[in-house]
Protein chains: 2
Amino acid sequence: MEFAAFELTKEFRDRFQQALNERDKAFIYSSLEDVNPADITSLLSEFDSNESKFVVDLLSLQVRSRIIKDLDPDTRKNFLSVYSVDELTPIVNLLDSDDAADILNELPIKTSEEIIALLDSDLKSQVIDLLRYDENVAGGLMAKELLKAQASWTMVECIDEIRKQAESGMKFYSVWVVDENDRLLGSLPLQKLILTDPNTRVKDIYDDDIVSVETYIEDSEVVEIMKKYDLESIPVVNVQHQLVGRITIDDVVDVITEQAEEERQLMSGITEDVEEDDSLWRNVRARLPWLLIGIFGGMLSARFMGFFAQELAKVTAIAFFVPLIQATGGNVGIQSSGLVVQSLVNPNYVDEGLMNRLLKGFSVAFLNGLVLSLIVLGSTLLFFDNNMLSIIVSFALFCVVLFSSFVGTITPLIINKLGFNPALASGPFITTTSDLLGLTIYFLTVQILI
Amino acid sequence: MEFAAFELTKEFRDRFQQALNERDKAFIYSSLEDVNPADITSLLSEFDSNESKFVVDLLSLQVRSRIIKDLDPDTRKNFLSVYSVDELTPIVNLLDSDDAADILNELPIKTSEEIIALLDSDLKSQVIDLLRYDENVAGGLMAKELLKAQASWTMVECIDEIRKQAESGMKFYSVWVVDENDRLLGSLPLQKLILTDPNTRVKDIYDDDIVSVETYIEDSEVVEIMKKYDLESIPVVNVQHQLVGRITIDDVVDVITEQAEEERQLMSGITEDVEEDDSLWRNVRARLPWLLIGIFGGMLSARFMGFFAQELAKVTAIAFFVPLIQATGGNVGIQSSGLVVQSLVNPNYVDEGLMNRLLKGFSVAFLNGLVLSLIVLGSTLLFFDNNMLSIIVSFALFCVVLFSSFVGTITPLIINKLGFNPALASGPFITTTSDLLGLTIYFLTVQILI
């Protein structure tokens, strides 16, 4: 009996590494005997592929397939490369169709085709069907395993069907009800089935107000629908409205987690799916592109300021306020784009139209700009004895707030329209844009007013 | 029968608004008759509280309670303020204990206590129990409604229990198995119950390898555990290991969504839970604090550069590279903190210790710093005819990359240790810090080398 979640300590990891070095099968086997496969998976991410394989090969085929299903796709790709087709086939045979298809998608095409040819016939046809779909649509998320009952069946027939499916070890919460042409009609929750007289027919008791998705619906939309209607599983239908699969909430949780991770990376200016403990080279490569763009922007700024060398030589203090202008522009840009990304990600509201949105953004920027410029006007008048410069700085600041807010609002909308993730318009992108914009506005103001 | 998700168009919204203005009950009633309550909820977020109440009062008590449960907490707080205790009590009576407790928590204490006094006795004691917990721990997330069976029971007794609970209309997927002292032993999936001979005893077939959480476990940890073990529901136990509630995956999805939203706001430098379509004043207020901090940083920068007025007057070109230095510092800081936040949020790895982490960050920064400085050295030598300045800028840039990487790595770790959300260390916070740091390093280099 195991109740609390397993805690992976550094001590245990070190002891385990030692056992691995000594190929101490007895220690490894006994220390993993009662551990949940999900915990073994976390443990394995600490070792290299050959070490992991040594461990996994000591475990039962069931546990092996569970572990391989749980590995994160990057790790899994490396790990499975040390496996032969003959070793992989029995493992894949134990997986649900959606997990099997995901893993086959990650393998080299030749290996994947050899394995498919050797799979049990049911799983084989299911997997071949699933591999047709793009991984970002409902068809690519769904599993083929489901409980299906004809509307004309009795409860007894339903229970027989459950008995047949139960051998596969699959988990399910409802029976999907279809007509004689396999078209989806509704669902029958297991608890209703338990409580109903065995001779009742499905058509007399099933729920017909259910929500389904077509195979081509995007994964992010599936997430929104399942969240909105609080569903733990959703049936997937083809264009003829025939039931072809189902998506469960755990798949959706994975999609949400990946989306959050992708957004965080875009907002941080990281261009590859990378983690702190990935290789040095990968970390360097993931960061360089945005740094180079920033450098390019910085060089442009330097050239641009060069045009105003005379003014700067005359009034050195002009340079003092470049950081103030740029930082505020960057902050306003990030805030505006952050809020727009937010409402693009949670589309649970009626789009008020571009004009309303810009007008609202303008009003907020106008008020904030006014407050900030007055503060800057006051403090520069107090601390720097150049009244003209105080006016220039606070006026330019006001304009920068307005323009950066506009750019921060419009950029994610454009990027979204072009089909990219709007979160790209946050972090370094918006900062670099706002920096150049701020500088231009500031020096134009200098030129006009000085 | 309703299959596709309901689409809320601007046309329908406008027509609906007109019907509301005319208090056209017939139109409102007929247009909402077959609509899923979740869709009515989205529609209502477009209208004010009194209009919404007019619509909701036309609907059945079941639909009303479903809508009120689905509203987002901010909207709900306003909406419920137009309701009397007598109107609210029957609605709350239809809710699950966790939703009832959430709503009562949002109401003014006096109203909430009056409603609790009037609730059905079962729900009343459940709600009173739940209100004891903080909303960010397992006890605050859980619901009291669950199916509980003694290990000594037969399947027939279990089915009787399910029959009793079924009247409450609650959804469930497993029966939790307890001993005679209510201590959790394991679970019995509904499908196993369907397939087992009615005279079998629970103790002979239940699953004992289940994971549970204690009431005081933090919600983010509950999320990690349910994700890791792929659970659709998890039992909650007290310190005596007695079963006190259960958390379902849809609650966890809500927690994940809220966490992502909070992180996005922190990274965008927004200090209040605000959305684009919230009031103007709220939008202004949510953005001002970070803008003011940025202004303060900018004024500090201006004062600081003032100390180098002589150098600047002599070599104006020094000022040209301030944006380059600051932008790069900001970008490096955001990238480093982004990756640290990432691994703090996904704690699915062994902590390698602070030194290893800093060493890795240092190596990445060293390589990136080298590449960037060489590029800047080359291009400044080419485009600006001041060799000494080229050396100063590229050397300072190298140092800025190293220091900003250090600050970006250490800051989220410190903030996390202090018990705040590490994502706070992204966006404006890290940009402002890096700006000041970059400027200091740059001008120190100027002073030493010029």
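Tutor: Start with helix α4 of chain A, residues 49-56, where A:S52, A:V55 and A:V56 are buried. Buried means 20 or more other C-beta atoms within 10 Å of the residue's own; 12 or fewer is exposed, and anything in between is partly exposed, with C-beta atoms placed from the backbone. Helices (H or I, at least four residues) and strands (E, at least two) are DSSP runs, numbered from the N terminus. Seen down the axis of α4(A), the buried residues fall within an arc of 95 degrees, so they line one face of the helix. The arc is that of the directions from the helix axis to the C-beta atoms. An α-helix has 3.6 residues a turn, so residues three or four places apart point the same way. The cover over the buried residues of α4(A) includes α2, α3 (37-44), α5 (61-70) and α6 (73-80) of chain A.

A word on the source. This is a predicted model: local features need pLDDT of at least 70, side-chain atom pairs count only at pLDDT 80 or more, and totals for chains, interfaces and linings use all residues. Residues are numbered from 1 along each chain as its sequence is written, while chains are lettered from A and ligands numbered from 1 in the order in which they are written.

Now the loop between α1 (10-21) and α2 (25-32) of chain A, which holds A:R23. A:R23 is not a glycine, yet its phi is positive, about 50 degrees. A:R23 is exposed, with 10 other C-beta atoms within 10 Å. A:D230 is not a glycine either and has a positive phi of about 55 degrees. That residue sits in the loop between α15 (219-228) and β5 (233-237) of chain A. A:D230 is partly exposed, with 18 other C-beta atoms within 10 Å.

Step back to the whole chain. Chain A has 23 helices and six strands. Its radius of gyration is 30 Å, well over the 22 Å that the globule rule gives for 450 residues, so chain A is more spread out than a compact globule. The radius is taken over C-alpha atoms, and the rule is 2.2 Å times the number of residues to the power 0.38. Along the principal axes, the C-alpha atoms of chain A fill a box of roughly 90 × 65 × 45 Å. Buried residues make up 45% of the 450 residues. Chain A is divided into domain 1 (10-137), domain 2 (148-258) and domain 3 (278-449), with bounds from an automatic or database domain assignment. The C-alpha centres of domains 2 and 3 of chain A lie 51 Å apart.

Last, the partner chain. Chain A can be laid on chain B with an RMSD of 0.1 Å by a turn of 180 degrees and a shift of 0.0 Å along the axis. That is the relation of a two-fold axis. The superposition is by least squares on the C-alpha atoms of residues with pLDDT of at least 70 in both copies. In all, 110 residues of chain A are in contact with 109 residues of chain B; contact means C-beta atoms, placed from the backbone, within 7 Å. Helix α20 (residues 322-345) of chain A gives the most to the side of chain A that touches chain B, with 17 residues.

Key:
Two residues are in contact if their C-beta atoms, placed from the backbone, lie within 7 Å.
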